[in-house]
Amino acid sequence: MSDLPARVAIKEEGPREGFQIEKGAIPTAEKVRLVDALSDTGLDYIQVTSFVHPGKVPGVADAEAVVAGITPRAGVRYAGLWLNQQGLSRAIATGRLYLEGKLTLYASDAFLKRNQNRTREQQLAAQPQLLRMYQSHGIPVKTGFITAAFGCNFEGDVDPQRVVELVAEMREIARCAGEDLSLIGLGDTMAWANPERIRRVVGMVREANPDVELSLHLHDTRGLGLANAYAGLQMGVAHFDAAVAGLGGCPFAAHVGAAGNICTEDFVLMCEEMGIATGVDLERLAECARLAEAIVGHPLPGKVKTGGALGVLRRKLLPA
């Protein structure tokens, strides 16, 4: 049964998701240029960089410089990604970012080891510590995230019940600290999801947690990104991560051809053609996608930047 949302909220992650995996160095000024262009599209959340170890992810070694260089627009939240307390400290020190507390657990122990060099027990133990740090800085903690919620290149399929259990663990950690998570993100980090698996996992997590909203972080490595997003929309999911032009990919996922999140402009087109509001100017966003492609210097997978928005064609077809 379809329960399409009237409107979706999009977290734009292209500047972070994309530049972390490019083989060649991207000038800081070009990263800033893309963020500033995205700021004029109607997107109200842009993840601009990662505060991770520059030796492991050289593409974000200039994180502080990128944040310092952007020209903030009213109504736009500029965010960063961090995986531990050191990264959070760096993000706080910029003094320019929207900060939201997030707890993260992994459905794959093998991927956790590759991505953070931690065991399951160490990751669990780190969450209360991180939560206390959020609280000491007055940062609200309303979000939880399950990485590799649908499958893993190193462990295979993930049992949906495992995801449900992890969400319960995460919510209990928050409750013990006096917090209440209101948004749970499910990450298809290595693109193992399909529409039916999306429906099953979302359905089981929602059944166990009817009081929270869900978000989806979908990678398009195997070409099912938009199909999975559509399945999420049919389940009433109204929060999605996306990357302009389809930028990016996870540097620790061991993909032969890594692909980033679902393409923002392609997702916006699909939503608006279905009558789902996004608040995004699709034509300006397509211009940003073309800019992103020029910055990285190679083709990117987004389709709308080449094929165009249907609204443009409709206006051309109107009688003079």
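Colleague: Which residues does leucine 186 touch, not counting residues up to four places away in sequence?
Modeller: This is a predicted model, in which local features need pLDDT of at least 70 and side-chain atom pairs count only at pLDDT 80 or more, whereas totals for chains, interfaces and linings use all residues. Residues are numbered from 1 along each chain as its sequence is written, and side-chain values use heavy atoms, with hydrogens and water left out. If contact is taken as heavy atoms within 4.5 Å, leucine 186 touches Phe145, Ile146, Ala149, Phe150, Val163, Val201, Val202, Val205, Ser215, Leu216 and His217.

Colleague: Which residues of the largest nonpolar core touch the most other members?
Modeller: A nonpolar core is a set of buried Ala, Val, Leu, Ile, Met, Phe, Trp, Tyr and Cys residues joined through side-chain atoms within 4.5 Å, where buried means under 20% relative accessible area, exposed over 50%, and partly exposed in between (1.4 Å probe, protein chains only). Among the 84 residues of the largest core, those that touch the most other members are Leu34, Ile146, Leu186, Leu216 and Phe267.

Colleague: Which helix gives the largest share of this core?
Modeller: Helices (H or I, at least four residues) and strands (E, at least two) are DSSP runs, numbered from the N terminus. The largest share of the core is 9 residues, which come from residues 282-296, that is, from helix α11.

Colleague: Which helices hold arginine 314 and glutamate 273?
Modeller: These two residues form a salt bridge, with their closest N and O atoms 2.8 Å apart. The pair ties together parts that are 41 residues apart in sequence, because arginine 314 lies in residues 310-317, helix α13, and glutamate 273 in residues 264-273, helix α10.

Colleague: Is helix α10 largely enclosed or open, and which residues of it are buried?
Modeller: Since 8 of its 10 residues are buried, α10 is largely enclosed by the rest of the structure. What covers these residues includes β1, α9 (225-234), β10 (239-242), α11, α12 (304-307) and α13. Glutamate 273, by contrast, is partly exposed at 38% relative accessibility. The buried residues of α10 are Thr264, Glu265, Asp266, Phe267, Val268, Leu269, Met270 and Cys271.

Colleague: At what angle do helix α7 and helix α8 pack?
Modeller: Axes are lines fitted to C-alpha atoms, for helices over the stretch in contact, and angles run from 0 to 180 degrees between N-to-C directions. The axes of α7 (residues 160-176) and α8 (residues 195-208) lie 9 Å apart, and the helices pack at an angle of about 35°.

Colleague: Which residues of α7 and α8 make the contact?
Modeller: The contact involves two helices, and α7 contributes Pro160, Gln161, Val163, Val164 and Val167. From α8 come Arg200, Val201, Met204, Val205 and Ala208.

Terms used. Salt bridge = Lys/Arg side-chain N within 4 Å of Asp/Glu carboxyl O.
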